[in-house]
Amino acid sequence: MDSILALLTSPEAWATFAALAALEVVLGVDNVIFISIIANKLPPHLRPRARYIGLSGALVMRILLLFSITWIMGLTTPLWTSGDFKLTWKGVILILGGAFLIYKAVKEIMAELSGEGHDAAAGGAAAMAFGAVIAQIMMIDLVFSLDSIITAVGLTSHLGREMSLPIMIAAVTLAIAVMMISAGPIADFIDRNPTMKMLALAFLVMVGVVLILEGLEFHFDRKIMYVAMVFSVAVEVLNLLRRRKHDQLDAQHRSAQGAASGNAH
């Protein structure tokens with residue numbers, strides 16, 4: 001009881017929780033984009049269930065990993081070294097996860113270019129099975145969970161295990177809750193705007209490349225990637241607004257021409 005009271009009344013604990021929760025939400029953007037795109041391969045009535053199961057699985061997985069901190073940190077022990085380069089189990093998982101993410105994103109891009117993506121979204125033969133979607137969501141969740149938990153452990157290590165574990169669990173739970181709330185609107189927005197879907201798939205290719213680089217111990221400042229993502233989305237939103245305005249003007253113009261033609265007769 002005393003430890004809980006100390007945790008709740010500690011300004012340092014609250015500051016760490018706020019910073020960690022914000023970081024977990026930012027790191028979860030990649031995951032939400034993947035879940036949104038892959039879940040949209042299902043018929044519309046199954047998509048919310050797939051997102052819910054996938055994110056619930058991510059929450060359970062991250063909490064279990066938090067209780068296995070010793071094992072998690074052991075993944076950073078070098079398996080093989082050559083000069084300054086070292087390969088760890090964490091690196092292997094990130095490389096495999098990044099390669100899978102690139103494969104899925106490129107496959108989706110090719111499907112969109114060939115028209116198969118439209119058939120799948122409409123419930124055609126290309127639509128994926130529910131179990132296959134969940135399996136792929138859980139596979140990518142594992143990669144993002146691993147990266148997220150190692151970051152969380154590093155951020156809270158100064159507080160000690162007794163205080164850091166509840167903070168990490170609370171931050172991860174809050175981040176997953178935010179993802180559950182935002183996944184539906186993001187998926188609908190991507191599904192309604194084909195150009196935005198293509199942009200999101202390009203983001204996933206970039207994220208996969210970054211994961212591979214990190215697995216190979218080439219450290220990349222993710223803030224650069226996220227700034228590029230935000231800028232690209234802002235530009236595409238402006239394009240969407242411009243196209244919508246032009247469509248409205250064209251519709252008004254056609255309506256005016258139709259009315260003038262009717263009056264002439």
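**Close-up views of a predicted model**

**View 1. The hairpin of strand 1 and strand 2.** Trp80 has Leu87, in strand 2, as its bridge partner. The model is a predicted one, in which local features need pLDDT of at least 70 and side-chain atom pairs count only at pLDDT 80 or more, while totals for chains, interfaces and linings use all residues. Residues are numbered from 1 along each chain as its sequence is written, and side-chain values use heavy atoms, with hydrogens and water left out. Strand 1 (residues 78-82) pairs with strand 2 in the antiparallel sense over four bridges; two strands pair if DSSP finds at least two bridges between them. Helices (H or I, at least four residues) and strands (E, at least two) are DSSP runs, numbered from the N terminus. Two residues lie between the strands of this hairpin, and Gly83 takes a positive phi near 65 degrees.

**View 2. The largest pocket.** Its volume is about 390 Å³. Among the 17 lining residues, Lys90, Asp147, Thr151, Glu214 and His219 are the closest to the pocket centre. Two or more lining residues come from each of helix 2, strand 2 (85-88), helix 5, helix 7 (130-156) and helix 10 (222-264). By class, the lining has seven nonpolar, four polar and six charged residues. Ala, Val, Leu, Ile, Met, Phe, Trp, Tyr, Cys and Pro count as nonpolar, Asp, Glu, Lys and Arg as charged, and the others, Gly among them, as polar. On a 1 Å grid over the protein atoms alone, a pocket is an open set of points with protein on both sides within 12 Å along at least five of seven lines, a cavity is a set where a 1.4 Å probe fits but cannot get out, and lining residues have an atom within 4 Å of a point. Grid points are joined across faces, edges and corners, and a volume is the space filled by probe spheres set on the points.

**View 3. The second largest pocket.** This pocket holds about 260 Å³ of space. Of its 14 lining residues, Val29, Ile33, Phe203, Met229 and Val233 are the closest to the centre. The lining has 14 nonpolar residues, with no polar and no charged ones. Helix 2, helix 8 (161-192), helix 9 and helix 10 each supply at least two of the lining residues.

**View 4. The largest cavity.** The model has two cavities of 30 Å³ or more, and the largest contains about 40 Å³ of space. Helix 5 (89-114) gives at least two lining residues, as do helix 2 (11-39) and helix 9 (194-215); the largest share, four residues, comes from helix 5. Phe34, Leu101, Lys104 and Glu108 are among the residues of the lining.

View 5. The structure has four salt bridges (a side-chain nitrogen of Lys or Arg within 4 Å of a carboxyl oxygen of Asp or Glu). One of them joins Lys41 and Glu108 (3.5 Å, N to O). Lys41 lies in the loop between helix 2 and helix 3 (47-66) and Glu108 in helix 5, so the pair ties together parts 67 residues apart in sequence. Both Lys41 and Glu108 are buried (buried means under 20% relative accessible area, exposed over 50%, partly exposed in between; 1.4 Å probe, protein chains only). In another salt bridge, the closest N and O atoms of Lys197 and Glu112 are 2.7 Å apart.
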